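Here is a short report on a protein model. Keep the sequence and the 3D view open as you read.

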Amino acid sequence: MSIAENVAAIRAQIIDAAMKAGRDPKSILLCAATKTNDAEAVREAIRAGVDCCGENRVQELTEKLSQNAYAGVPVHFIGHLQTNKVRQVVGKVDLIQSVDRIKLLQAIQQEAARQNVIQDVLLEINIGNEDSKSGFSTKEIWQILEVLSDFPNIRVKGLMAIPPICQNSVDSRKFFQEMCNLSVDIMAKKSDNVFMEILSMGMSGDFAEAICCGSTMIRVGTAIFGPRNYSRPHP
Ligand SMILES: *Cc1c(COP(=O)(O)O)cnc(C)c1O
């Protein structure tokens, strides 16, 4: 299937999942996870109507930005971000989805202040408390909210999570539901500088479950572009 056909099929599944959950399908954004895919594939996905692109690696982001690959849609950073690389990301992307530690908040603040910009971010939650994954724990996040007023050049737009891989939809829904509840609880607290507008969760294998539990942004790679080829030199 072509990228356009894949995107159309995903759109149909988004509508189906949203209807089942009694939600407006337009309230769910489709973010193309573009890692390992070249500028031409990215452009094809944009022509097919994805709402935004998410890049994982700074090098790939820089390369594809220089090729004008994301023209027409917002670009997000969704991968692990090293503090020594924030300069190549802050002010270059519309949203950094993967803010996972206080040191990174500090580095983003410093760079955003230097450029005199406001950087939109999501806070990543390690919802399954997995050692292999980064993100704030559901306990830690409350302390982070307390100090966000120290970061005037950062605007928190919501939460992102990559839950554990589950064998069945009942288990994965438990994590997605927990994320949704957390987002509602944080919104109710009305902290300065915090807007819970985006709940970024759901990937190729589980986005229907995520939509059912309140996701407003799904990040989809494989289902759009096909299996990733990591051996190919990155564009
Ligand atoms: C690669 C990636 C995705 C998409 O994963 P697929 O299973 O290929 O849809 C989503 N989010 C993040 C953070 C990723 O790195």
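How exposed is Asp-16, in terms of relative accessible area? Asp-16 is partly exposed, with a relative accessible area of 40%. Bear in mind that this is a predicted model.

The side chain of Asp-16 meets that of Lys-20 in a salt bridge, with N and O 3.0 Å apart. Both residues belong to helix H1. They sit four residues apart, which is about one turn of the helix. In an α-helix there are 3.6 residues a turn, so residues three or four places apart point the same way.

How does Lys-20 count, as buried or exposed? Lys-20 has 70% relative accessibility, so Lys-20 counts as exposed.

## Helix H2: one face buried

Which residues of helix H2 are buried? H2 spans residues 39–47, and its buried residues are Ala-39, Ala-41, Val-42, Ala-45 and Ile-46. Look down the axis of H2: these residues fall within an arc of 160°, so they line one face of the helix. They pack against four elements: helix H1 (3–20), strand S2 (52–55), helix H3 (58–66) and helix H8 (222–225). After H2 comes Gly-49, which has a positive phi, near 105°.

Arg-43 pairs with Glu-40, and their closest N and O atoms are 3.2 Å apart. The two residues are three places apart in H2, so about one helical turn separates them. Arg-43 is partly exposed, with a relative accessible area of 26%. Glu-40 is partly exposed too, at 41%.

## A bridge between distant parts

Lys-189 and Glu-146 form another salt bridge, with the closest N and O atoms 3.0 Å apart. This pair links distant parts of the chain, 43 residues apart. Lys-189 lies in helix H6 (residues 169–189), and Glu-146 lies in helix H5 (residues 140–147). Lys-189 counts as partly exposed, at 37% relative accessibility. Glu-146 counts as exposed, at 53%.

Salt bridges can also share partners. In this way Glu-55, Arg-57, Glu-60 and Lys-64 are joined into one network. How many salt bridges does a search of the whole structure find? The search finds 14.

## Arg-219: buried, with no salt bridge

Now find Arg-219, in strand S8 (residues 217–220). Arg-219 is buried yet has no salt bridge. Which side chain of opposite charge is nearest to Arg-219? That is Glu-124, 7.2 Å away. A salt bridge needs the nitrogen and oxygen within 4 Å.

Arg-219 does have a polar partner. A polar atom of its side chain lies 3.2 Å from the backbone oxygen of Ala-161. Leaving aside neighbours within four places in sequence, the contacts of Arg-219 include Cys-31, Gln-97, Met-160, Ser-200 and Gly-202. Ile-78, Ile-162, Met-203 and Ser-204 are also among them.

## Around the ligand

Arg-219 is one of the residues around the ligand. Others there include Ala-33, Ile-78, Ile-162, Met-203, Ser-204, Val-220, Gly-221 and Thr-222.

A polar side-chain atom of Asn-56 lies 2.8 Å from a ligand oxygen. For Arg-228, a polar side-chain atom lies 2.7 Å from an oxygen atom of the ligand.

Definitions and conventions:
Residues are numbered from 1 along each chain as its sequence is written. This is a predicted model: local features need pLDDT of at least 70, side-chain atom pairs count only at pLDDT 80 or more; totals for chains, interfaces and linings use all residues. Side-chain values use heavy atoms; hydrogens and water are left out. Buried means under 20% relative accessible area, exposed over 50%, partly exposed in between (1.4 Å probe, protein chains only). The arc is that of the directions from the helix axis to the C-beta atoms. Contact means heavy atoms within 4.5 Å. Lys and Arg count as positive and Asp and Glu as negative; His and the chain ends are not counted. A polar contact is a pair of N or O atoms within 3.5 Å; within protein, one must be able to donate a hydrogen and the other to accept it, and residues adjacent in sequence count only if both atoms are side-chain atoms. A residue is near a molecule or strand if one of its heavy atoms lies within 4 Å of it.
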